[in-house]
Amino acid sequence: MRVHLCGVRGSTPAPGFEFIRYGGHTACVAIAHDGAAAPSLVLDAGIGLQQVHKLLNGSPFRGTILLSHLHWDHSTGLPFFPRGDDDTAAVHLLLPEQADGRDAVEVLSGIMRPPYFPVGPTALRGDWRFDTIAPGRHELQGFTVLALEVPHKGGRTFGYRISDGNSTVCYMPDHCPTVLGPGEDGFGEYHPAALELASGADLLLHDAQLLPDEEEMAVYGHAVADYGVGLGTRAGAATVVLFHHRSDRTDDELDELAGRFTGHAPPVLVAAEGTIFEL
Ligand SMILES: [Zn+2]
Ligand SMILES: [Zn+2]
């Protein structure tokens with residue numbers, strides 16, 4: 001499979017010269033099958049969804065958008081995706097099943113309807129379907145997807161494990177493992193859902209919003225970068241990719257973060273927008 005990082009930032013977009021190299025768009029990852037011209041599975045719809053436009057070579061998007069949760073940095077790209085808002089597009093949007101049983105359109109309408117936005121989700125052009133997804137195993141666009149709930153803050157959040165039968169990518173952009181306890185190294189519990197999602201993955205994309213000296217900010221629902229590295233190491237992931245950078249984390253600071261893990265096994269990369277992984 002081919003994994004395109006279209007947005008790697010958390011919380012808010014980060015425009016400006018200090019953020020050019022790693023990129024300022026919020027969470028979005030597009031996945032294509034080997035040899036396919038275009039991605040068919042998109043994880044999250046932050047403003048990075050606009051970047052998926054460039055991967056479609058002028059064609060409409062025909063595939064699935066899978067949201068980890070509904071926070072703005074994972075959803076506000078939806079109405080700004082021209083290849084999805086197109087008469088010939090065919091989009092199946094899935095979001096985590098809600099504890100109160102609300103359907104997907106009702107949930108999305110909480111952020112996308114007047115007076116917050118000019119139109120509601122069903123006004124998008126093309127053939128859009130909206131559904132919730134339950135924890136468990138699913139077949140989506142020819143990929144096997146395991147969805148498991150992970151602790152975050154303010155709304156049900158899923159981590160995903162996506163496999164094409166040859167390669168596996170694990171996506172856990174927003175994760176607060178400290179709510180389950182400090183764990184062995186103080187960065188949070190290496191709990192069963194996180195370990196199962198990341199087990200043996202070729203690529204583990206993990207929340208790296210915080211640095212160790214910012215741990216008190218975990219009350220906002222995020223992980224320290226070192227937790228993702230510890231999880232990838234314990235779960236036998238081949239490569240760890242630190243993802244969901246704090247919106248004020250500059251390129252120089254992210255270089256410094258990368259430098260801390262030079263020579264680490266497994267390798268640790270700091271997510272940069274525009275990166276393509278061929279797995
Ligand atoms: Zn987020
Ligand atoms: Zn979030």
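The legends below describe several close-up views of a predicted model. Residues are numbered from 1 along each chain as its sequence is written, while chains are lettered from A and ligands numbered from 1 in the order in which they are written. Because this is a predicted model, local features need pLDDT of at least 70 and side-chain atom pairs count only at pLDDT 80 or more, whereas totals for chains, interfaces and linings use all residues; side-chain values use heavy atoms, with hydrogens and water left out.

**View 1. Protein donors of the zinc ion (ligand 1).** Asp-73 (OD), His-74 (NE2), Asp-174 (OD) and His-244 (NE2) lie 2.1 to 2.2 Å from the zinc ion (ligand 1), donors being N, O and S atoms within 2.8 Å of the metal (3.2 Å for Na, K and Ca), with water not among the atoms, so sites may look incomplete. The angles among the 4 donor atoms run from 91 to 161°, and the site is irregular; four donors count as tetrahedral if all angles lie between 85 and 135 degrees, four count as square planar and six as octahedral if opposite donors are over 155 degrees apart and all others between 65 and 115, and anything else is irregular.

**View 2. Two zinc ions and the residue that coordinates both.** The zinc ion (ligand 1) and the zinc ion (ligand 2) are 3.5 Å apart, with Asp-174 coordinating both. His-74 lies in the loop between strand E4 (62–66) and strand E5 (90–96), and Asp-174 in the loop between strand E10 (168–172) and helix H3 (192–198), so this pair ties together parts that are 100 residues apart in sequence; helices (H or I, at least four residues) and strands (E, at least two) are DSSP runs, numbered from the N terminus.

**View 3. His-244, a donor with positive phi.** His-244, which is not a glycine, has a phi near 65° and is found in the loop between strand E12 (240–243) and H5. At 0% relative accessibility His-244 counts as buried, a term that means under 20% relative accessible area, with exposed over 50% and partly exposed in between (1.4 Å probe, protein chains only).

**View 4. An open sheet of 7 strands.** The strands follow the order E6-E5-E4-E3-E2-E1-E14 with mixed pairing, where two strands pair if DSSP finds at least two bridges between them. Strand E6 (127–133) and strand E14 (276–278) stand at the edges with a single partner strand each, so one side of each is left without a neighbour in the sheet.
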